Amino acid sequence: MGSLERSKKKTQVWKKAVIHFSLCFVMGFFTGFAPAGKASLFSNFETTPSTISKSQIPPHPSENSTYTPNSLADKALVNSQVQAPSPSKSQEAEPENRSLSETEEEVTPKGLVIVVTPVMTKDRYKNVLLRRMANTLRLVPPPLLWIVVEKHSEADVNSSSTMLRKTGLMYRRIVFKENFTSLEAELDHQRNLALRHIEHHKLSGIVHFAGLNNIYDLDFFDEIRDIEVFGTWPMALLSANRKRVIVEGPVCESSQVLGWHLRKINNETETETKPPVHISSFAFNSSILWDPERWGRPSSVEGTKQDSIKYVKQVVLEDDTKLKGLPAQDCSKVMLWRLNFPTRTRFST
């Protein structure tokens, strides 16, 4: 009898072990089919809307639209932001104030600078000087429009256009076919073509005539953006074959132009009541071309359409009170240099 009871107990132990193993196997088998990233049944009760701060809510696409997390990535973003600890009020206010100040600085618009560069036909260094000017203008903060005027040539059309496209600048290239025997007549024709283009399209900005042999301080372009009507500044003239420097420009008190002077390097001064102002030493508001009445000019002047550059020079020189001296302190800082090459090597602009 004793042996029979012991065998029955062993059989019951094996049955319990087999049943326990089978249950564990079945549970493990079905657990493997469950999704690994599924949220817990009690995850919805961990946070409430009252515990979510404003800084944790995802940004809206616009003020009047509602942000709805549709994709899995959006839902994961919402979950991660909800579970993050809410920042204190001081930490929350600092980024808001910083973003407001940064936005105000970015929103402040800058005036358009329109740089007009005539390219002389017989200048054998024109391609090199065009690249140098392009490299200078690329360093100027936008907006800036570069208008290049040159004679049409089958040999140069591809090289000039390709070079201008590669600069990354906003530019317009104007070509002409007329022939000129006088250098000054050709340059005035090129400037007139640029001014007519500006007037026709009503390009609003500050116009500056930049010769290819000009050398600039980059602060120059920031200064001329503040011009309302007309502006002028000192310009240093350097000659490649002469050991002297001449500074031409206005005599100012603050930004008011009182007169003109030529100052040589040996401090000798030559004064004139109305000296000829170099074409690169002044700039003007382009609206004077199509809206002269705004600046107190007659609406129709004979010859204006045919010779715009002559009209601009006349307006600039006739009344010094409308000129603004740059820089605004006392017009003493030189920001523009003009290098004259020997005439036997190249023409002067």
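Visitor: Which residues form one aromatic cluster?
Guide: In this predicted model, the cluster consists of Tyr216, Phe220, Phe221 and Trp233.

Visitor: How many aromatic pairs are there by the ring-centre rule?
Guide: The count is six aromatic pairs. One of them joins Tyr216 and Phe221, with 5.2 Å from centre to centre and 40 degrees between the planes, a tilted arrangement.

Visitor: Are Tyr216 and Phe221 buried or exposed?
Guide: Tyr216 is buried, at 11% relative accessible area. Phe221 is buried as well, with a value of 1%.

Visitor: And what is the geometry of the Phe220 and Trp233 rings?
Guide: Their centres are 4.8 Å apart and their planes stand at 80 degrees, so this pair is edge-to-face. Phe220 belongs to helix α7 (residues 219-224), while Trp233 sits in the loop between β6 (230-232) and β7 (235-239); the pair therefore ties together parts 13 residues apart in sequence. Both Phe220 and Trp233 are buried.

Visitor: Let us turn to charges. How many salt bridges does the structure hold?
Guide: It holds five salt bridges. Among them is the one between Asp217 and Lys333, whose closest N and O atoms are 3.9 Å apart.

Visitor: Where do Asp217 and Lys333 lie?
Guide: Asp217 is in the loop between β5 (214-216) and α7, and Lys333 is in the loop between β12 (323-325) and β13 (336-340). The pair links distant parts of the chain, 116 residues apart. Asp217 is partly exposed at 22% relative accessible area, and Lys333 is partly exposed at 38%.

Visitor: What about Arg225, which partner does its side chain meet in a salt bridge?
Guide: The partner is Asp222, at 3.9 Å from N to O. Arg225 is buried, with a relative accessible area of 12%, whereas Asp222 is partly exposed at 34%.

Visitor: What is the salt-bridge partner of Asp188?
Guide: Asp188 pairs with Arg191, and the closest N and O atoms are 3.4 Å apart. Both residues lie in helix α6 (residues 183-201), three residues apart, or about one turn of the helix.

Visitor: Which residues of α4 are buried?
Guide: The buried residues are Lys126, Leu129, Leu130, Met133, Ala134, Thr136 and Leu137. They cover an arc of only 160 degrees around the axis, which puts them on the same side of α4. The face turned away from that buried side carries Val128 and Arg131, both exposed.

Visitor: What follows α4? I noticed two prolines there.
Guide: The peptide bond from Pro142 to Pro143 is cis, with omega near 5 degrees. Pro143 lies in the loop between α4 and β2 (144-151). A cis peptide bond also joins Leu326 and Pro327, with omega about -10 degrees; Pro327 is in the loop between β12 and β13.

Visitor: What is phi of Lys202?
Guide: Phi of Lys202 is near 50 degrees, a positive value in a residue other than glycine. Lys202 is in the loop between α6 and β4 (206-209) and is exposed, at 53% relative accessible area. Ser254 also has positive phi, near 60 degrees; Ser254 lies in the loop between β8 (245-253) and β9 (256-264) and is partly exposed at 43%.

Visitor: One last topic: which residues form a nonpolar patch on the surface?
Guide: Phe21, Phe25, Val26, Phe29 and Phe30 form the patch, with about 580 Å² of accessible area together. Phe29 is placed in helix α1 (residues 2-31) and is partly exposed, at 43% relative accessibility.

Definitions and conventions:
Residues are numbered from 1 along each chain as its sequence is written. This is a predicted model: local features need pLDDT of at least 70, side-chain atom pairs count only at pLDDT 80 or more; totals for chains, interfaces and linings use all residues. Side-chain values use heavy atoms; hydrogens and water are left out. Patches are made of residues with over 30% relative accessible area and no salt bridge: like charges are joined within 9 Å, nonpolar side chains (Val, Leu, Ile, Met, Phe, Trp, Tyr) within 5 Å. Accessible areas come from the Shrake-Rupley method with a 1.4 Å probe; for residues, only the protein chains shown count as cover. A salt bridge is a side-chain nitrogen of Lys or Arg within 4 Å of a carboxyl oxygen of Asp or Glu. Helices (H or I, at least four residues) and strands (E, at least two) are DSSP runs, numbered from the N terminus. Buried means under 20% relative accessible area, exposed over 50%, partly exposed in between (1.4 Å probe, protein chains only). Rings of Phe, Tyr and Trp (its six-membered ring) pair if their centres lie within 6.5 Å; planes under 30 degrees apart count as stacked, over 60 as edge-to-face and the rest as tilted. The arc is that of the directions from the helix axis to the C-beta atoms.
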